[in-house]
Each structure stands twice: as structure tokens, then as C-alpha cells.
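Visitor: I'm new to reading protein models. Could you walk me through this one, feature by feature?

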Amino acid sequence: MKYGIISGMAWALDTLVLGIALACVPFIHTEQALAFASVTSAFFHDLFCAFWMFIYTALKGRLSQTIAAVKTKSGLAIVVGALLGGPVGMTGYLIAINNIGVSYTAIISTFYPAFGTFLALVFLKERMSLVQIIALFVALLGIVYMGFLSLETSHAGNSILGVVGALLCVFAWGSEAVLGAWGMRSEVINNETALHIRETTSAIVYGLLVIPLFGSWDFVSLSFFTPANGIILGAALIGTISYLAYYKAISVIGAARGMAANVSYSAWAVVFSLIFLQEIPSVPVVICCIIIMGGTILASADYRSLLKKSAS
């Protein structure tokens, strides 16, 4: 459970830093930015995550292990998950942020654990108690209500495109977690190797397929050596920490419970906004955060063992 909570904390911070980057030149104020900011920043994010994972894996002397693992069926499952979680899911996530704003995106995308849990229960035969399932949905309802409390009154983007992007994110992230859990059942693939495969695959596909398809290489060149992209580099480091903890959680407690813990990022986002942006949350938002944290803890942990520990 602790790895899932850590992944949620880091992802909230990653999202906050990404939001700062996307509010900087060259990702705003021009027609070119409006057309290419989402896909370009998503490419940079996964490219830099792959860079950080390469360094991490090289320092641990496991590059050959990654090469060997990608040739197996389990490795191919990780590759497919990477395509969903990276080019598909991340692009959808950023498209949604740019078109309907952070609040609406959080409301919709947060339901990826519900979709992923369904897939995990059906295809991986994972088990969650009724209490855990109820706790998950209570946490999700808390996130939805908190999102409604902070809705923007207006947004300049395409609302239909934004909703489609968020729903695409739900499908992609939920499926990625299940494919990752299946792949990490192999003895030759641990969570770190899986993540190295995931980030490298995503970055390659972005560079060779997605960016040329969107015709955004000029914008990539324009924005690469900018302060905003330096912010994305930092965000990617935080994101890599989040992914490492997330994949570790999936390998230890399963896809369903790992996603349940990870979704705590919505509550952590409020905490970090208070710390770094001095945004004081309202009482209803604080109550929602407590509900979210309580729900994710109950959903990702064995509540019977928690009761025993509290009683001892």
C-alpha cells in the first residue's frame, strides 16, 4: 500500500509542475502552441522519463536485463501497456487539461481505477473484498465532488475534444495497469525493468510515429531548449519516481489495489497547492481530501489487518 500512496504523492507533484510548464511560453498564446502543446509536452515528459530510467537502470547494471525481457511475451505485454499509458493515455490527459481544465480532467480521469479494477477482476482474477470496492468508489465520489467544487467557470478549449481525451485516458491507464500486472508476473521482469521498457517504448513511439503524425517537429525544435522544457525535465524526474512506486505497488498488491492507492493523488494535489502555491482549501475540499485518503487506504490495504494493528 505504501508504494501506491507514494506514487500518488509524486504524481500530484508531477501534475502541478507540468501545469506550470504548460502555462509558460512557448506552450501558450499562439496558434502553434494551441495545436501542438499537448502532444509535444507529452512527448517531452515521456522522453525525459525514459532518460531518467536509462540512467537509473545503467547505474544498477541492468540494461542487459531490459533487452532480454523485452523479447519475452511478458515484455511484449509491457510494450502494449506502454503504448496505452504513454502516447494514448498521456496525450489524452494533456488534451483534456488544455481543453476542459484541470478540474474536469481530474473528475473524469480519476475513474481509471474503476475501469482497471473491473479488468483486473475479470482477466487477472484478482480479488477485492466488498469493503475495498465500496471504499474505492467512496474515494472516487470524493474526488468527483471536489472537482465540482473547483470547476472553472469557463475555458477556451473544445469541450467535446476535452471529454474524449479524458475518457481515452481512463481506458488507457486502466488497461496499462492490468497489462503491467500480467507482465510482471514473469520471473524475468520486475517493476523497474517493466518501467524501463514502458518509458523507452513510449518515447520511441512518440518520436517515430505520434510527433510526425501531428506534424509537430517544428514546435518540438522550437520548444526544446526553453525554460519551460527544463521545467518538464524536472517534472519527468518526479514522474519517474511516481511510476517506480506505482509499478512496485502493482507488482506487490496487484493492479486493482495499486490503482486504488495511486488515485490518492487528487488529495495530495490539494496539499501541494497549499504548500507551493499558497492556495488555501475550503472546508468542503478538506473533508473531501480526508474521504479520499481514507477510501484509498481502505481500498488498497487489508482492512482486517489494519483493525488488528490499531487494536494491538
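Guide: Let's begin with burial. In helix α11, the buried residues are Ala255, Ala256, Gly258, Met259, Ala260, Ala261 and Asn262. That is seven of the eight residues in α11 (residues 255–262), so this helix is mostly covered. Keep in mind as we go that this is a predicted model.

Visitor: Which residues are buried in helix α9?

Guide: α9 covers residues 217–224, and its buried residues are Phe219, Val220 and Ser223. Here's the general idea for reading such a list. An α-helix has 3.6 residues a turn, so residues three or four places apart point the same way. Now the case here: looking down the axis of α9, the buried residues sit within an arc of 105°, so they line one face of the helix.

Visitor: Which residues are exposed on the other side of α9?

Guide: Asp218 and Ser221 are exposed there.

Visitor: And what covers the buried residues of α9?

Guide: The cover includes α2 (31–59), α8 (191–214) and α10 (227–253).

Visitor: At what angle do α8 and α10 cross?

Guide: To read a helix pair, look at the angle, the distance between axes and the handedness. For α8 and α10, the axes cross at roughly 130° and come within 9 Å. An angle like that makes α8 oblique to α10. As for handedness, α8 passes α10 in a right-handed crossing. On the α8 side, the contact is made by Asn191, Glu192, Ala194, Leu195, Arg198 and Glu199. The α10 side brings Thr240, Tyr243, Leu244, Tyr247, Lys248 and Ser251.

Visitor: How many charged residues are in the contact of α8 with α10?

Guide: Four are charged, alongside five nonpolar and three polar ones.

Visitor: What about the loops? Where is glutamine 278?

Guide: Glutamine 278 is in the loop between α12 and α13. In a loop, check the backbone angles. The phi of glutamine 278 is near 55°, a positive value in a residue other than glycine. Glutamine 278 also counts as exposed, at 58% relative accessibility.

Visitor: Where is lysine 125, and what is its phi?

Guide: Lysine 125 sits in the loop between α5 (112–123) and α6 (130–149). Its phi is positive, about 60°, although lysine 125 is not a glycine. With a relative accessible area of 57%, lysine 125 is exposed.

Visitor: Which residues does a cis peptide bond join?

Guide: It joins valine 25 and proline 26, and omega there is about 15°. You'll find proline 26 in the loop between α1 (2–22) and α2.

Visitor: Back to single residues. Is histidine 196 buried or exposed?

Guide: The cut-off for buried is under 20% relative accessible area. Histidine 196 has 5% relative accessibility, so it counts as buried. Its place is in helix α8. To see what surrounds a residue, set aside its neighbours within four places in sequence; histidine 196 is then in contact with Met53, Phe54, Thr57, Leu63 and Thr66.

Visitor: Let me try one more. Which residues is tryptophan 173 in contact with?

Guide: Beyond neighbours within four places in sequence, tryptophan 173 is in contact with Trp11, Gly85, Gly89, Met90, Tyr93 and Tyr112. Tryptophan 173 lies in helix α7 (residues 159–183) and is buried, with a relative accessible area of 8%. Between the C-alpha atoms of tryptophan 173 and methionine 184, 11 residues apart along the chain, the separation is 16 Å.

Conventions:
Residues numbered from 1 in each chain as written. Predicted model: local features only at pLDDT ≥ 70, side-chain atom pairs only at ≥ 80, totals over all residues. Heavy atoms only, no water. Buried < 20%, exposed > 50% of the residue type's maximum accessible area, 1.4 Å probe, protein only. Helix = DSSP H or I, 4+ residues; strand = E, 2+ residues; numbered from the N terminus. Arc of directions from axis to C-beta. Contact = heavy atoms within 4.5 Å. Axes fitted to C-alpha atoms, helices over the stretch in contact; angles between N-to-C directions. Parallel < 35°, antiparallel > 145°, perpendicular 65-115°, else oblique. Left-handed = near helix turned anticlockwise from the far one by under 90°. Nonpolar A, V, L, I, M, F, W, Y, C, P; charged D, E, K, R; others polar.
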